[in-house]
Amino acid sequence: MSEKEAGLSSHVVVLLFLIFLAGRGIAGFGDKEVVVKLKHFLQSNNKIYSGGYARWNESDPSPCRWPGVTCNDDGRVTGIDLSNSSISGPMFVGLSNLTELERLDLSENTIDGRLPKDLNECSGLRYLNISHNLLGGELNLTGLVNLQVVDLTLNRFEGEIRGKFPAMCANLVLLNISANNFTGEITGSFDECPNLQYLDLSTNEFTGEIWKGFAKLREFSVAENNLTGEILSETFPSNCSLEFLDLSSNKLAGELPDSVANCSKLKLLNLWNNNFSGAIPSSIGELAMLQRLFLGSNRFDRNIPEKLLNCKELIFLDLTKNNFGREIQGIFGRFVKLQFLSLHANYYTGGIQSSGVLKLPDLLTLDLSFNNFSGELPVEIAAMPNIKFLVLAYNNFSGGIPPEFGSIVGLQALDLSYNRLTGRIPPELGKLKSLLWLTLANNLLSGEIPPEIGNCSSLLWLNLAANRISGRIPWEITRVGRDPNPTFQANRRDFNVGGLSGACLSMKRWIPVNSPPFSFLYTLLTPKSCQTTWDRILKGYGIIPICMNSTSQVRTLMISGYLQLTGNLLSGEVPQEIGNMQFLRLLHLDDNQLSGNLPAEIASLPLVVLNVSRNLFSGQIPSEIGSLRCLNKLDLSRNNFSGEFPMSLNQLSELSKFNISYNPLLSGVVPETGQMATFDNDSFLGDPLISYSSRSSYPPPPPTFGNSSTVYRGTSRSKVGLWIPFIVSFLVFGVASFVICLRIRTPVSIASLILTIENFVTRSSDHRS
């Protein structure tokens, strides 16, 4: 080799080495470029609300200090956490360029569309959480062979899963695909998942028989599907390792086999809402670690096996809707550690005292609703030392509410609705400082509302509707719920607060079905989500974004209280102090005999619903109501309002239901634009002094285009745009060819160069524009 050739060869070696070093440097640099591009993508799709990604400082040489971004020792991006970041729109395409990515969390956003194909190329992913979004289509993650944790809860994925998971099961430990639209059978889908321990398939549309391999897991839930067939004895082998088993809300039938006792580690067994029949297996008594047992909504025999008393750790027992009839079985009074007992809808006629359930020392929740109990309410309830939630609704109780109930110091929820109770509301109830929820609706109660009720400082949900209560609304009622925080703080310290097996039933009694936006929540409620939602409410956490005040449309998760006095004989004026009830989101005063002016102070409340229809209100409608920016439902109908209805109501841009009918002294002109123009004549019936401005039936004029020179400039920009793909293709092809020829395998470098070129071309195009 000549000296000249040797020198040339050494230069090539040096050049190759420099390119190699550059490639390694560009790899880290490329990660930053990808994350920056992710930030720009998110900002372009979320122009109003943004998450922590808005604080990513692009001047930093590395993204490793950015919130939500984690890196390894080499400075490579290994994790991105954008959970609960107010992200909407489609999912970012390009994550596969982060070749060291191991963790991706995009949960609790509103990302929609389908999963991008390049996500399936992120072969290093070990943790993937895209739960609580709006993603849909068929699922394909077969390329992610290293996944250990996958959470797809609450999306819109569909199709069958058989054949999808064996390809990615080798390392899978946890899989949660609940609350989607998956269909087909599950048998055999997870046989090749040797490390799988936690599997949640609940709230889908799976059919066929149950997968018989679930006993090798620690936790298995297939609740709320359409599975059929029987549970065979061999389903529970001798080496059963289950700790949590939820088969609720399916169509499983037959008898439960005694072999369930083989699952000696079971802490939760949920068979609620199936077609199981026959005797309750006495072998359940061998489950020494069992804490929660749900056997409700089946057709089990009335006889409760004595051996169940051997479940010394049992704190939660649900035997609702089994049509037991007659009196409450005496065995229930012998489960001395019970904290939650739900026996509603069993057609019981008696036995509340004789069964001993009122003497259970640790009982926190007792639900005896939807039965046939009659007579007076048992005074013995007042002696229960720890009771917090007492639900006796939908029975035939009569007589008065015992004043002794006012001595149940820790009581948080009292539901006596839909009975035949008479007499006055005892003023002693004002002693219940922890009371959050008082429902006495649909009884025959009379007399006045006791002013002492204002001493219930935690009371956020008060429903006295459909009684015969008369007199004025006492101003003291506006003091309820002024300081619920001590109760919420106590509940946050108590892990077992709430705990109602009938949480959905309680939720649906708590949420007025016809009151948006709460009614929307009905479509999302499942037995699983009900319990979570109910728990959040009792701990003081909001469940629906609500306007913080009456002058702003900014929303935050806040507790949404209500006052419901509908359908009574109340008279007089509404106290002006009502403006102090800042927790109110729903105010129902309709169908009474209230009179006088509607106080303008109502407009200071963060209301979503205001209904004062069917009263005797007079005077002008307060113009201040127009400042309730998030008001969704306004009903002022069938009163004696007079004067012009305020044009400020036209500012209520979120109003979906509006009614001022049958106020014959109201006058004014319904505007042809704005929110009032969206309501038809039914909102103004019986208002002869209200007229309608003419509304043109012609379509809007077409948009005005610029002159010829403007069009010419637009055409020039279009021509420049046509050249951009060719320029990009040429540069990308050239760079790729050069690297391939040198046999330098640095895919991240190529990706970084491509991104750099695309950004350069984009900036150039934007500059020309």
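## A pair to start with

Which side chain meets Asp-535 in a salt bridge? That would be Lys-539, with N and O 3.3 Å apart. Keep in mind that we're looking at a predicted model here.

And is Lys-539 buried or exposed? Its relative accessible area is 13%, and because the cut-off for buried is under 20%, Lys-539 counts as buried.

## How many are there?

Side chains of opposite charge can pair when their charged atoms come close. In this structure, the count comes to six salt bridges, if a side-chain nitrogen of Lys or Arg has to sit within 4 Å of a carboxyl oxygen of Asp or Glu. Let's look at two others by name.

## Arg-218 and Glu-243

Arg-218 teams up with Glu-243, and their closest N and O atoms are 3.3 Å apart. Arg-218 sits in the loop between β13 (205-206) and β14 (219-221), while Glu-243 is in the loop between β15 (228-230) and β16 (244-246), so this pair ties together parts that are 25 residues apart in sequence.

## Arg-334 and Glu-306

Here's another salt bridge: the side chains of Arg-334 and Glu-306 meet at 2.9 Å, N to O. This pair links distant parts of the chain, 28 residues apart. You'll find Arg-334 in the loop between β22 (316-318) and β23 (340-342), and Glu-306 in the loop between β21 (299-300) and β22.

Arg-334 has a relative accessibility of 45%, which makes Arg-334 partly exposed. Glu-306 is partly exposed too, with a relative accessible area of 45%.

Terms used: Residues numbered from 1 in each chain as written. Predicted model: local features only at pLDDT ≥ 70, side-chain atom pairs only at ≥ 80, totals over all residues. Heavy atoms only, no water. Helix = DSSP H or I, 4+ residues; strand = E, 2+ residues; numbered from the N terminus. Buried < 20%, exposed > 50% of the residue type's maximum accessible area, 1.4 Å probe, protein only.
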